[in-house]
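Dear colleague,

I am passing this structure on to you, and below it you will find notes on what was found. Please read them with the model open beside you.

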Amino acid sequence: MEPADDIIESEDTALELPSDPMRLNMGPSHPAMHGTIRMVLDLDGETIQNVDIQPGYLHRGFEKSCERGTWNQVFPYTDRLNYVSPMLCNIGFSLAVEKLMDITIPERGQYYRVILGELARISDHFTCNGASAMELGAFTPFLWVLKVRDWIWKVLEQETGARMTHSFGRVGGMAAPPTETFHHDVAALIPHIEQVTGEVEHMLLHNRIFLDRMQGVGNLDKEHALAMGCTGPVARSAGIDCDVRRDNPYMLYDRFDFEVPVGTTGDNFDRFMVRMEEVRQSVRIIHQALEQMPTDGPVNHPDLRVSLPEKDDVYNTIEATIAHFKLVMEGLKPPQGEVYSYTEAGNGELGFHLVSDGSGTPYRVRVRPPCWYNLQACRSMILGDMLADIIPTFGSINMIGGECDR
Amino acid sequence: MATFKLDGEDITFEPGDTVIRAAWRAGREIPHYCWHPGLSVAANCRMCLVEITSGRKIDMPILKWDAKKSDYVPATKPKLQPACQFQASEGLEVSSKSEPVKQAQGAVQEFLLLNHPVDCPICDQAGECKLQDYYLEHQGTPKRKLTEPVHKPKGVRFGPTIVYDAERCIMCTRCIRVCDELAGDHVLDMRERGNRNEIVLAPGRELDHKYSLMTEHVCPVGALTSRDFRFKARVWFLKSAPGVCNGCSKGCNTHVDFDPRYGKVYRLRPRDNMDVNKFWMCDDGLMTYEEAHDNRLFMGRVGRGEAGDFVGAADAIAEAAQALKSVDGNEIAVVLSAQNSTEDNYALARLGRALGATRQYLAAKGGWEGDDILREADNNPNRAGATAAAGSAFAGTVSDLAEHVASGDVRAVLALGSHTAADTASLAKLEGLERFICLASNGGGMADAAQVAIPIANWAEAHGSFTNSAGTNQPFKRAIPAAPGIEPGWRAIASLAAALGHDLGFHRVQDVRAAMKPASADSDTTEARA
Amino acid sequence: MSKAVISKLQSEFGDGILEKNAFRGDDEVRIAASDWVKVATYLRDEQGMDHFIDLTAIDYPEREPEEPRFDVTVSLRNHDTSARVRVRTRVEDGASLPTLSTVWSGANWAEREVWDMFGIPFEGHPDLRRILMYDQFEGHPLRKDYPIQRAQPLVAYRDVPRVAKLAPFGVEEGQPFARIDWAARLDGADAQVSPSIALQSGQRRALSDSDIHHGDAVAPASEE
Amino acid sequence: MAGMTEFKTGESNFFTTKFEEILAWSRKYSLFQYPFATACCGMEFMQTASPVYDIARFGAEAPRFSPRQADVLWVVGTISQRQAPVLKRIYEQMTDPKWVVAFGTCASCGGFYDNYTTVPGVDKVIPVDVYIPGCPPRPEAVLDALMLLQEKIQSGASGAPLVVPPREVPKLAQLGVNKRQAIGATAVYPEGTIK
């Protein structure tokens, strides 16, 4: 365990008689540890003197597995990185390979990606906030957001065919164009999202227990957060005004008008509120995207070297058959090179560091998991706090095992 | 050295080189179908058209479609030249990537695919097909022709080895040229013209000369397929290891194509080696891959025929050591094999010297006739290597050995490999012998005659080397892993030696090769060291 | 923005910058391992690269022995200008690299992961332990020569006949049929038959139709 | 309820049944569950517990995060080699009678994580009663699995995993089966090749 040099002596511990710290094991099988994190705590009474956070219980060999298939065969694995918002991981990887190949997909496809991605972001934030509320005893909001998440999943299922793990992204487009009812369904879904957002806030923000356990707990210092590599809501709550969608606009995010909520103290309450506000901003983005999205036109990149031809042609013309064979049996071949492509996922900057040797198989796929670094910063958040404060703090980080341990 | 510029890059060429050949030597590929480095120039596929940017411009007037005017307008385009026929000259500047060239390549590609059947799912060439590769590289556009493609004969039997599909054929005439120029047998020719054009056999003939598989090998598309390889495997799943053909003492370089999933060799292909086999191999050589799996010894055997019972390799080695212990050195005969790798032979010779055996015999195959193209008269890949490994002169062949056994001079035989030219009569003489150990990868011949048979890996399952009749030592590499418990010959021999109380010090194949070096140079030194 | 940083680096370190690269707009420099901490500190203090993004490694076993085996890269971001640079260096197999966790505390876990996955030790790291795998694990899984299917179970698998039937994979089974067999490839015998697939295992383009061009003589086998 | 007969004797009614059956009946409708949720499947487990699907309707509402109070161990998600000892320990801490449900493909067979770090199916470590296919399984599948488990509890069977009663098999699949039987599909590898 690392030496805790930055331990804060709180008053009551100073008054206590000196005593040996108690070593307490939390997790990996602990309801609040999401089943995949182990914390070894040194407790002085109830005050956390030192903590050793041990991830890795859900290491599934993502990066190694990517080095054996084709580039498009990576998508099922990316689904299971952040399994609360798989679509964002899909899009992130598509954009990374497209950056490697230096192509951009047609506008309609980009709007499609934006809308699906923002829906995924909403379900991600809802899940995090609802779950951390539940862990503090507020069970009803949890059930409400799960209800909404199921509605979102129904829309995603109609579009992609799967509730959660869509494997819907492709290099150079999406697996399928939008369905006829896509616009209507999303438009019909949005009011429900807004309503439940309000309901959840109304319930929780008048709950004294909830506020007491969230406010002023798990503070995160700005400079420390930067050095720790925090991104996303965790960083924004600490007053770091960064959002890849705005700072380095990818896809069409420079066309939308949205704000980036920023917290002040970096405590759990700020993280909660930042996520709630981002849900509203995502709704705004979806509204604008739905208006701007062209109703017809291609979704996938036209080049047959990148995207699969129509099945009809594959069965009837030799050209399409050849393209299909080459893409399926050998895979598309990005040029030799190395890129780092980053997008704003539910937990922050999701980066893909790709190395291609010019072949149809990835040479190296490094994913920069946002919550890996957010979880790293968790140690300094809970040092000096009480044992019970681990629950809201850890919950508000939204550690997703698949993404953190890969 | 004279040079010319290809896409701005200096390419050196020898006098008489064409542009495409000079580029090929320099490792630059200009797309081509009908050109083959080993064949004469036909220049009929037009895929290798390039633009000559130096010298006087030759511009041809054309009519170009103008979308704005929706009418044809006069324009010019440069006269392109086939790189396979254009002589390279000092200071020449060639572009194989300029816009007109790309257009031409795309047009040729589209033309070749006009009537091509949708056969990739059932075509053995799929995966190594030039049409597929060049489609993605040089065309990439969907089909524009909407009418029914022309239909031609499919599945025509050309001979015992080759089947022809006229619909897939692009009429590059490589097969015709390989028959004419390699085999010297004008059995194929072309008839009709335009989209009726097809390859035909000479009347009353079959494609049955000794190099018929080379027609399939040079065919850039799936028109000619080998009846042996047809529908056996998909080349996407095959891997390939560098090998050396064990058909004859020419030592043609091969690709051993195997499927790593099943550890099975599916075919051999010629590997370029300008000093030995250029680009070619003969049919019999290509079919030697079957020995990799036919009639293999997977277990050791103690006892002959019905009486023999099968044991593990280790037990067989122990049995052999038991049999050899009680025999005096000069009564042991060591039989090297011209069919096995130099490493195995050398290890056995070393063991023989360690045992004090003075009699060395050579087992070799027979029954083969050569020609003046590739095939040597001797069908043993490693006679030279075995001789070098022996270090001293041989006391004769297996039939001589049989005589010596009958006369009682030899009371124990330690043989390598099962192949022998000796007739059954002489083998029958050996079958009387109580102490007859044979290390072999395949059954039959001496392996069946032996009292103790020890299984070893064959040429596809172990690293090794053959020395061909020209005296060049050519190493080859393991393709597939040997069956569990089966070791390479030299290692089996080393463990046999260990069982007999001699340490040959062979642990890795490098050890054997390091010890061999003086062996090939001078035999006395190895005698001293042994 | 990041171009300016690169030129500043150039003027500051001169020959210390071994290589500059801007593929697809990713500005990166390669430096010697000896300058690792120096350049990092300069970037943090002088160039305001206060946002630590990522640190990872890439394994090039075929580069040995001429060149060091591993590439280690660190990606950085300037929070005020949101400029990004990537710094890379090369490390021999077995050699170590000074830690960056003293420069950016965020490098702590990243370096532990690189040690865990690639076996590159970092000098001066506060506690260099495995982080994703367990201590009993032998080897470093992300090295190209570690077979992906080699599992090292902590709990002995149940020995019931039904288990074999129900679960498809044993300890040593799994994903043996990757498109690239690295053991064979490093042995030189992983040539692909299909010329276009041959590219996928990094083999040279076929020139004549006997598609893989190994050169005229085959190198002696490296290992039996 | 199985094996129950009703008697009417005028003023009062009473039932007779076997003690085991009344015990099993009471057990199967008050299952305390231990959700060992590690990965993606946990999301679907949440949905199953959510109002939309509401697993509580089937008498398995209360989650107990102490193995000593739990009857059913839901292994929800991928089990890595590093996690396996923890899982085994928890299973051993549970009190009999106890049942295990392998939730999702990873828990059943490792799924496509067949690599150096993933346990190829939790039944390599602990015995499993019900397997749920799917990556992740739909909530309907989860409810179906719960009902299967209840059938098993009622039937009193123990040990061997529950075999789903045969349902209608598509024609093609049947053909495949017959063909495989016809050619006696045993030898995956040709004789003498590497395993």
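Setting aside neighbours within four places in sequence, Val122(D) is in contact with Val75(D), Ile79(D), Leu87(D), Ala102(D), Ala107(D) and Val128(D), where two residues are in contact if their C-beta atoms, placed from the backbone, lie within 7 Å. The model is a predicted one, in which local features need pLDDT of at least 70 and side-chain atom pairs count only at pLDDT 80 or more, while totals for chains, interfaces and linings use all residues. Residues are numbered from 1 along each chain as its sequence is written, and chains are lettered from A and ligands numbered from 1 in the order in which they are written.

A nonpolar core here is a set of buried Ala, Val, Leu, Ile, Met, Phe, Trp, Tyr and Cys residues joined through C-beta atoms within 7 Å, and a residue is buried if 20 or more other C-beta atoms lie within 10 Å of its own, exposed if 12 or fewer, and partly exposed in between, with C-beta atoms placed from the backbone.

In chain D, helix H2 (residues 41–49) is largely enclosed by the rest of the structure, because nine of its nine residues are buried. Among the buried residues of H2(D) are Cys41(D), Glu44(D) and Phe45(D), and the cover over them includes H6 of chain A together with strands S3 (33–37), S4 (72–76) and S5 (99–103) and helix H5 (139–155) of chain D.

The contact between chains A and D takes 26 residues from chain A and 28 residues from chain D. On the side of chain A that touches chain D, helices H2 (62–66), H6 (139–160) and H17 (401–405) of chain A each supply at least two residues, and H6(A) gives the most, with four residues. By class, that side of chain A has ten nonpolar, ten polar and six charged residues, where Ala, Val, Leu, Ile, Met, Phe, Trp, Tyr, Cys and Pro count as nonpolar, Asp, Glu, Lys and Arg as charged, and the others, Gly among them, as polar.

Chain A also meets chain C, in a contact that takes 37 residues from chain C and 40 residues from chain A. S3(C) gives the most to the side of chain C that touches chain A, with six residues, and the residues of that side divide into 17 nonpolar, 13 polar and seven charged.

Chain A itself has 17 helices and eight strands, and buried residues make up 62% of its 406 residues. Along its principal axes, the C-alpha trace of chain A spans about 85 × 45 × 35 Å.

Finally, chain B is divided into domain 1 (3–112), domain 2 (156–289) and domain 3 (300–529), with bounds that come from an automatic or database domain assignment. The centres of domain 1 and domain 2 of chain B, taken over C-alpha atoms, are separated by 29 Å.

With best wishes
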